[in-house]
Amino acid sequence: MIRTLVIAGSLVVLLGLAVVAVGAWINAPGVLPPQPIAFNHRLHLERVQGLQCEYCHQFVKTQPYAGLPSKHVCYDCHDPYADDGDPEADARQDKFSVLMSYRDEIEDIPWHRVTGTRHDVFFSHRRHVTVAGLDCRACHPDMPDRTEPPTRGPITISMDACLECHEKSKASVDCVSCHR
Ligand code: HEC
Ligand code: HEC
Ligand code: HEC
Ligand code: HEC
Ligand code: HEC
């Protein structure tokens, strides 16, 4: 009887370990394919006085999705048609060659998303940024200081993190608010 219990007990423990191991494997962030351009957030935010996140993430105040910038946003500052006689022009420098290579293409820069919740979870930037008045850093603490795009991901925001703030700020904790 005792032996059976011990064996049964060890089986439960082993099964538990296996579940934890598989869980850790599924959640382990993988290596991301590199972004087309090694964009540097910190450099831009330091060099351009008063540059707002929504200059590039144009839908963040009005839509569920924040959006990633089109090449035309970049060309506001990095003129691809700058005077060929100017050796200092961005268009003539190596570090801008990938950005400039989209100049005459119909295709836009194929940024890929790295931050995401499960597709069955509803999340709206407008609600959090415009209605609740939250700073981006409340949920994206590292991004503004990054000197290059994240290499590991996807970056997820856990249900616990959502709930912790919702409880603190008296926002809804109803399952159906987020799971629609
Ligand atoms: C509001 C103006 C502005 C916008 C918009 C802008 N940049 Fe820049 N960018 C700068 C400034 C200023 C620098 C630093 C000075 C320089 O190297 O020319 C810079 C530097 C760079 C560099 C050189 C980085 C390095 O390591 O020296 C790259 C590459 C670059 N930007 C890409 C982009 C891309 C891609 C976009 C669009 C997503 C973009 N920039 C949008 C102003 C801007
Ligand atoms: C000059 C344009 C520009 C500005 C200003 C800018 N970003 Fe970005 N952002 C980008 C580009 C390009 C990417 C995609 C490449 C990368 O990951 O760096 C990106 C990616 C991101 C991502 C990851 C998106 C994803 O795919 O999951 C977050 C989060 C983000 N930015 C937050 C911010 C915040 C917060 C600010 C303001 C403090 C900001 N950004 C300002 C251009 C910009
Ligand atoms: C309350 C938390 C929260 C705040 C505040 C927040 N974000 Fe996000 N952000 C998220 C979540 C969650 C996702 C993943 C969204 C999804 O999967 O639908 C995300 C995704 C993104 C993405 C990539 C996907 C997309 O929506 O295009 C960008 C870019 C981004 N956020 C930028 C910003 C910027 C810029 C700000 C501030 C103006 C901001 N976020 C404020 C939680 C937040
Ligand atoms: C830093 C605080 C904070 C975090 C983190 C946060 N939220 Fe919120 N959320 C709020 C606040 C505050 C409101 C109420 C805004 C208002 O007044 O409508 C809200 C409202 C919402 C609503 C609307 C609820 C309703 O009444 O219908 C949804 C849906 C939502 N959040 C989803 C999420 C999800 C999903 C996450 C995690 C990925 C998340 N939130 C993370 C602060 C946060
Ligand atoms: C404030 C938003 C929010 C609320 C409220 C919320 N959830 Fe979630 N839930 C999430 C997010 C975000 C995820 C995905 C987390 C991730 O991607 O790691 C999630 C994931 C889940 C999962 C999948 C778990 C997993 O590990 O994959 C289940 C099950 C779940 N929620 C059930 C519930 C139930 C039941 C309630 C009500 C008691 C609830 N949720 C309320 C945001 C919420």
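Ligand 5. I looked up which element gives the largest share of the shell around ligand 5, and found that α7 does so with 4 residues, where helices (H or I, at least four residues) and strands (E, at least two) are DSSP runs numbered from the N terminus. I note that this is a predicted model, in which local features need pLDDT of at least 70 and side-chain atom pairs count only at pLDDT 80 or more, while totals for chains, interfaces and linings use all residues. Residues are numbered from 1 along each chain as its sequence is written, and chains are lettered from A and ligands numbered from 1 in the order in which they are written.

I counted a residue as near if its C-beta atom, placed from the backbone, lies within 6 Å of the molecule. Of the 16 residues around ligand 5, I found Thr156, Met159, Cys162, Cys175 and Cys178 to come nearest; the elements giving two or more residues to this shell are α7 (159-168) and α8 (175-178).

Ligand 4. I listed 21 residues around ligand 4, with Ala132, Cys162, Cys165, Ala171 and Ser172 closest. Two or more residues each come from α6 (125-131), α7 and α8, and α7 again has the largest share of the shell around ligand 4, with 4 residues.

Ligand 2. Of the 21 residues that I found around ligand 2, Cys53, Cys56, Thr115, Cys136 and Pro149 come nearest, and the elements that contribute two or more residues to the shell are α2 (41-47) and α3 (53-56).
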